[in-house]
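Please read the points below alongside the sequence and the 3D view. They are arranged by topic.

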Amino acid sequence: MDTLNAGSVSAMLPSAFPIVDKDWELADTYTLHFATDGAFDFDPGQMVMISQPGVGEVPISISSNPDVHDRMSLTIRGSGSVTRALGRLDYGDVVGIRGPYGTPWPLDTAIDQDLMIIAGGIGLAPLRSLIYRALARRSDFRNLTLLYGSRDPQSLLFERELHEWRGRFDMEVEITVDRSSPEWMGEVGLVTSLVDRARFSEADAVAMVCGPEIMMHFVGIALTDKGMHPDNIFFSMERNMKCGIGLCGHCQLGAEFLCKDGPVFSLSRIEPLMKVEEL
Amino acid sequence: MSTPGSLVDQLAATDFFSGMAENELELLARHAQATEHDAGVLILQRGRPASGFYLITEGRVALQLQTSRGALVVQTLGRGDVLGLSWLIAPRVWQFSAKALTPISSIHFETDALLEAAEQDVAIHDDLVSRFLGLMAKRLHSTRLQLLDLYQPAVYQGTDEWIR
């Protein structure tokens with residue numbers, strides 16, 4: 001698949017994109033919106049490299065609706081020097097963007113199956129574009145379920161969408177937090193507890209999971225304990241990426257280049273590598 | 001109320017009792033009773049003697065501790081979950097209170113008589129204890145992961161100021 005964008009000269013050359021809008025999602029997490037004039041197609045799960053001249057470049061998964069072709073959004077947590085610098089930008093500021101890169105969520109594998117989307121923390125951002133696409137193709141799937149684990153009620157991402165999705169009759173949304181507060185009336189516990197209680201047909205289900213690697217590891221165990229086959233469980237992996245096209249090796253995990261061969265992998269493919277300490 | 005026969009089938013279909021021998025399920029069913037609680041009711045009270053456990057069949061329960069910040073929920077339980085582990089371990093008093101967040105349907109097991117009967121059959125006793133140990137280990141494991149604060153990013157080492 002050619003993941004290069006129309007208009008890009010080279011896979012390594014960023015295009016200039018002005019910020020057309022910015023939302024603060026949480027105290028440390030923001031979404032930058034870009035106008036794309038229909039020239040930027042991507043599939044859910046893919047990422048871009050976003051850069052600020054003189055500061056640096058980071059890989060960020062695309063969080064916007066893939067079927068809205070004039071706008072692209074990136075949800076970013078300000079956790080390092082580049083992401084914090086990007087967070088200081090605002091309307092009209094220009095950043096460099098190249099991509100999209102990487103493998104998308106294999107949504108077609110879930111046709112006529114129960115589709116489980118499982119997110120932890122900021123992992124909901126790359127899954128939001130998948131949820132938009134899954135809802136656009138809703139009749140392709142049987143039960144559609146989102147299980148979302150967050151640190152605490154104050155850290156829930158995309159609250160407006162969570163309310164919208166929860167209000168639909170064709171989608172189940174279950175949310176849990178690790179730490180509650182007296183006003184929180186929802187679930188408290190690890191996201192794996194939601195897997196234990198979820199209603200799905202183990203033999204006819206596909207799960208797409210994104211969150212901290214250790215969380216995905218235990219979600220994988222919970223899903224396989226319920227009887228799901230590792231071929232039907234997909235993780236979005238994260239490592240320090242640099243070139244985005246499988247040349248530099250920064251994101252190499254065993255024989256896999258996460259930027260080119262991933263970031264989306266089946267559990268059966270990635271599990272042996274996840275078990276290697278310090279890899 | 002369920003008859004012991006239908007209760008055996010109902011228990012056998014749950015994850016927690018899955019694969020249990022028929023005679024053990026029958027023993028459990030003899031000490032079980034279907035129960036209902038309204039939303040808001042305290043099903044277990046911290047510090048009170050623990051002499052039973054519940055298998056939740058419908059609804060949601062909060063395990064909570066009263067603190068100076070109010071009642072803090074440490075875990076919620078729902079359909080298919082077992083509520084009540086303290087009956088197995090001395091001093092056999094509830095370590096947390098359990099409040100019904102919604103109307104609750106459950107099966108209550110009276111454990112004093114159940115343990116006494118199970119002690120007559122080593123295989124049943126060992127299987128029952130082993131299932132509860134497995135559940136305790138799973139909850140301990142989850143608690144450890146929750147304490148790791150997995151969703152927090154690594155501490156930023158830079159010196160630049162954040163903007164919010």
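**Notes on the model**

1. The largest nonpolar core has 40 residues, a nonpolar core being a set of buried Ala, Val, Leu, Ile, Met, Phe, Trp, Tyr and Cys residues joined through side-chain atoms within 4.5 Å. Buried means under 20% relative accessible area, exposed over 50%, and partly exposed in between (1.4 Å probe, protein chains only). The residues with the most contacts inside this core are B:L11, B:F17, B:L28, B:F53, B:L83, B:F109 and B:F132. Helix α4 (residues 122-147) of chain B gives the largest share of this core, 5 residues. Apart from this core lies another, of 36 residues, among them A:L107, A:L115, A:L130 and A:L146.

2. This is a predicted model, in which local features need pLDDT of at least 70 and side-chain atom pairs count only at pLDDT 80 or more, while totals for chains, interfaces and linings use all residues. Residues are numbered from 1 along each chain as its sequence is written, chains are lettered from A and ligands numbered from 1 in the order in which they are written, and side-chain values use heavy atoms, with hydrogens and water left out.

3. B:F132 is in contact (heavy atoms within 4.5 Å) with B:F16, B:F53, B:V82, B:G84, B:L85, B:W87 and B:L88, leaving aside its neighbours within four places in sequence.

4. Chain B has 4 helices and 8 strands, where helices (H or I, at least four residues) and strands (E, at least two) are DSSP runs, numbered from the N terminus. Along the sequence, their pattern is α-α-β-β-β-β-β-β-β-β-α-α. Chain B is more spread out than a compact globule, because its radius of gyration is 19 Å, well over the 15 Å that the globule rule gives for 164 residues. That radius is taken over C-alpha atoms, and the rule is 2.2 Å times the number of residues to the power 0.38. The C-alpha trace of chain B spans about 70 × 35 × 30 Å along its principal axes. Of the 164 residues in chain B, 43% are buried.

5. Chain A contains 6 helices and 15 strands. Its radius of gyration of 18 Å is close to the 19 Å given by the globule rule for 279 residues, so chain A is as compact as a globular protein of that length. The C-alpha trace of chain A spans about 50 × 45 × 40 Å along its principal axes, and 58% of the 279 residues count as buried.

6. Where does A:G186 sit? A:G186 is in the loop between β9 (172-177) and β10 (187-188) of chain A. A:G186 counts as buried at 18% relative accessibility. Beyond its neighbours within four places in sequence, A:G186 is in contact with B:R60 and B:T76.

7. Two cis peptide bonds deserve a look in the viewer. Most residues other than glycine have a negative phi, and most peptide bonds are trans. A cis bond joins A:G99 and A:P100, with omega about 5°; A:P100 is in strand β6 (residues 94-101) of chain A. Another cis bond joins B:A90 and B:P91, with omega about 10°, and B:P91 lies in the loop between β6 (82-83) and β7 (97-100) of chain B.

8. Backbone phi is positive at A:D112, about 65°, although A:D112 is not a glycine. A:D112 is exposed, with a relative accessible area of 53%. A:F158, also not a glycine, has a positive phi near 55°; A:F158 is buried, with a relative accessible area of 2%.
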